[in-house]
Amino acid sequence: MISSDDSHSRRVFFSSVCALLCVCLSDSSAPVIQLRLAGEKRKNYEGRVEVFYNGEWGTVCDDDFSRSAARVVCRQLGFMDAESWLPSAKYGRGEGRIWLDNVHCFGTEKSLAQCHSNGFGVSDCKHSEDVGVVCTSKRIPGFKFIRNQASSNEGLPVQVEDVRLRATYSQRKKIPITEGFLEVKDGGKWRQICSEEWTQTNSRVICGMNGFPGEKRVNTRPYKLLANRRKKNYWGFSVNCTGNEADLSDCKMGREIELKGNSTCEQGMPVVVSCVPGRAFAPTLSAGYRKAYRVEQPLVRLRGGAMIGEGRVEVLKNGEWGTVCDDNWNIRAATVVCRELGFGSAKEAMSSAQFGQGTGPVHMNKVECSGFEKSLTECQFNRHDLGCSHEEDAALKCNVPDMGFNKRLRLNGGRNPFEGRVEVLAERNGSAVWGSVCSDSWGTMEATVVCRQLGLGFASHAFQETWYWEGESPDDVVLMSGVRCSGTEYTLDQCLHHGKHIHCPKGGGRFAAGVSCTQLAPDLVLSAQAVEQTTYLEDRPMYALQCAHEEHCLSKSAETADSNSYRRLLRFSSQIQNNGLSDFRPRAAHHSWVWHECHRHYHSMEVFTHYDLLSLNGTKVAEGHKASFCLEDTHCDEGIQKKYACANFGAQGITVGCWDTYRHDIDCQWIDITDVKPGDYIFQVVINPNYEVAESDYTNNVMKCRSRYDGQRIWTYNCQIGETLTLYNVLMRFVFFYLK
């Protein structure tokens with residue numbers, strides 16, 4: 001007698017055997033197919049799944065498609081795995097036949113053709129149901145691509161495991177490597193490409209992949225002499241690129257090369273590519289690279305990114321910076337931006353404000369680029385349909401040259417790879433040694449550069465004592481001191497420092513500099529409109545300002561003022577929103593907050609904002625400051641829950657998508673202008689002025705307004721975030737003011 005459990009076990013066993021048998025049978029009977037990822041891609045390892053069968057390209061329907069099927073597709077294309085799959089023609093509608101429908105895979109099949117389906121060409125789908133996949137960027141080591149399944153491979157996408165420029169021995173110490181033999185890795189072996197049909201447009205694509213914006217012609221004579229002395233191992237195909245591709249995998253395979261040992265490519269030689277680096281990466285004899293550099297007046301910039309060559313795309317139009325909508329945003333348009341900024345082609349075109357939301361207008365929508373434009377501003381775009389919000393801000397990641405930045409710096413002793421004591425590699429007495437960095441003047445800006453140089457994201461904290469992190473170098477070896485960074489540098493040694501003349505009174509050891517890094521950061525932005533609409537004057541008696549006086553919120557003349565005298569206060573409201581990707585939290589822990597008896601509240605930050613009135617030449621004529629006695633979520637965007645409230649000694653901070661409002665009637669929410677004479681001024685507000693808390697973008701922490709004071713009234717106008725008022729704007733506003 002057989003029990004029900006035995007019966008169930010047998011059914012499972014036989015079904016497993018049948019499944020295995022089906023896979024084995026399909027291994028021998030399934031047709032050989034070629035796959036590619038096509039469509040409106042935003043990175044090179046994603047796209048619409050297309051199948052080459054019976055001499056014709058076609059698509060795959062999304063009915064019954066699964067992560068297992070996506071995994072088979074990605075692995076057949078040489079990627080390690082699949083991240084996800086997308087239905088409903090997310091990468092655009094394909095053309096031609098829909099070759100496969102109702103695809104069922106176990107995930108272990110070698111080819112999509114081995115998966116169960118309705119059969120090739122049997123489908124009731126439309127191209128609105130074309131499926132797409134997103135693969136991991138890592139390639140399978142030693143992968144051999146399926147080819148020769150048709151009479152010719154011409155027109156198929158180039159599929160290789162890796163690409164590199166192999167410099168000659170005399171050039172290998174140069175940083176970056178801009179020239180060398182081109183080699184592709186296929187089947188686990190590095191191979192050269194025959195130059196007989198190679199073009200400059202092909203070289204342009206290779207240079208872009210290696211982080212360079214352009215290519216140049218090269219003197220091949222010394223390379224030919226060198227190649228003649230070496231054994232060659234050619235790849236079996238030529239390559240056809242149009243020049244606007246972001247990656248070699250977007251190019252097409254050309255004519256098949258007959259491999260005849262050293263007789264292969266008799267009319268040519270191994271391809272040599274020479275690239276032109278962007279100005280920030282141009283090699284010099286002294287340092288191997290130029291110092292970090294900013295264009296005087298760029299038309300395009302990146303904001304919100306932690307790494308070099310990544311961020312939210314912003315464009316300058318009519319003197320005002322704005323963002324780009326992600327409608328139709330693709331890797332071709334992103335590549336135009338990357339090359340314009342001195343980087344290579346784009347690694348990824350990103351959408352949905354993945355580097356945080358910008359401010360100001362959305363200048364461009366539905367951007368269409370050919371890929372050969374010198375600037376994004378030359379591309380076609382919709383000038384009228386700008387119905388986008390900042391939730392749709394476009395962003396990107398660029399290919400950047402391998403500068404070896406992370407080889408000259410390391411973190412030691414931390415609990416994880418994102419924190420530790422900072423150690424630098426320097427030459428002493430003819431040998432390279434590791435040592436610590438003096439923590440005098442060490443702060444958030446310096447930590448920001450360290451995290452960027454190591455590719456670890458944003459700075460979370462800067463530490464001036466690291467006795468709890470033991471480094472590998474001796475405690476007394478300090479190799480860098482007096483470090484002062486602006487925060488824009490690529491490497492720590494680009495910052496100001498003492499050079500070889502080390503001066504560190506405290507010494508290394510427990511006072512060595514340390515950092516902790518994070519992948520996400522907040523980004524505070526002040527509402528210029530709220531300031532402009534709420535500015536007014538109030539005359540307030542001195543006896544009612546004792547608490548404010550105690551907090552140093554009045555000008556110096558208040559020290560000797562009579563208690564019955566009045567102070568003239570420029571009052572206003574400020575609304576500060578967190579547009580970043582993580583919450584803004586005060587650095588000090590609860591236990592270190594300072595209780596202020598006068599106002600009955602805690603100070604969680606020494607200074608949260610600076611308020612200043614400046615003359616037109618930038619001289620400070622009046623000042624105020626706002627201690628952060630309470631950081632909380634006053635209001636939040638729809639669907640976002642408030643986290644922070646000051647009541648009952650609660651946690652302080654500003655949640656992503658929320659804002660903290662300081663009303664005009666709160667003490668210290670003013671500038672004391674009692675001693676200011678009538679005239680024209682600049683009203684300035686700076687958030688997080690001491691960089692006490694790390695943010696993804698500090699350039700939008702400054703707001704400047706034009707102000708006119710006649711002794712009794714004040715007008716505030718033309719408030720701008722992030723950028724200094726230009727002479728043109730000042731003049732135009734003066735004209736408008738007088739005409740009014």
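## Basis of the description

The model is a predicted one, in which local features need pLDDT of at least 70 and side-chain atom pairs count only at pLDDT 80 or more, while totals for chains, interfaces and linings use all residues. Residues are numbered from 1 along each chain as its sequence is written, and side-chain values use heavy atoms, with hydrogens and water left out.

## Strand β3 and its partners

Helices (H or I, at least four residues) and strands (E, at least two) are DSSP runs that are numbered from the N terminus, and two strands pair if DSSP finds at least two bridges between them. Strand β3, which covers residues 56–60, pairs with strand β2 (residues 46–53) in the antiparallel sense over 4 bridges, and V51 has G58 of β3 as its bridge partner. The two strands form a hairpin with 2 residues between them, and in the turn N54 has a positive phi of about 55°.

Strand β3 is also joined to strand β5 (residues 97–100) by 3 bridges, and these two strands run parallel. Of the 5 residues of β3, 4 are buried, which leaves the strand mostly covered; here buried means under 20% relative accessible area, exposed over 50%, and partly exposed in between, with a 1.4 Å probe and protein chains only.

Helix α5 (residues 331–340) is largely enclosed by the rest of the structure, because 8 of its 10 residues are buried. These buried residues are I331, A333, A334, T335, V336, V337, C338 and R339. What covers them includes helix α3 (200–209) and several strands, among them β10 (214–216), β14 (300–303), β15 (310–317) and β19 (395–398).

At the start of α5, a side-chain oxygen of N330 comes to within 3.2 Å of the backbone nitrogen of R332. After the helix comes G342, whose phi is positive, near 90°.

## Disulfides

A disulfide is a covalent bond between the sulfur atoms of two cysteines. Taken as a pair of cysteine sulfur atoms within 2.5 Å, the disulfides come to a count of 16. One of them joins C338 to C398, with an S to S distance of 2.0 Å, and it links distant parts of the chain, since C338 lies in helix α5 and C398 in strand β19, 60 residues apart. This link is left-handed, with -85° about the S-S bond, and its cysteines are both buried, C338 at 0% relative accessibility and C398 at 3%.

Another disulfide is formed by C325 and C388, whose sulfur atoms are 1.9 Å apart. C325 lies in the loop between β16 (320–324) and α5, whereas C388 lies in the loop between β18 (362–364) and β19, 63 residues apart. With -65° about the S-S bond, the link of C325 and C388 is left-handed. The disulfide of C630 and C646 is right-handed, because the torsion about its S-S bond is about 100°.

## An exposed loop residue

E266 lies in the loop between β12 (252–256) and β13 (272–276), and at 56% relative accessibility it counts as exposed. Leaving aside residues up to four places away in sequence, E266 touches E196 and K260, where contact means heavy atoms within 4.5 Å. E266 and S195 are 71 residues apart in sequence, and their C-alpha atoms are 10.0 Å apart in space.

Note on methods
Polar contact = N/O pair within 3.5 Å; in protein donor to acceptor, adjacent residues only side chain to side chain.
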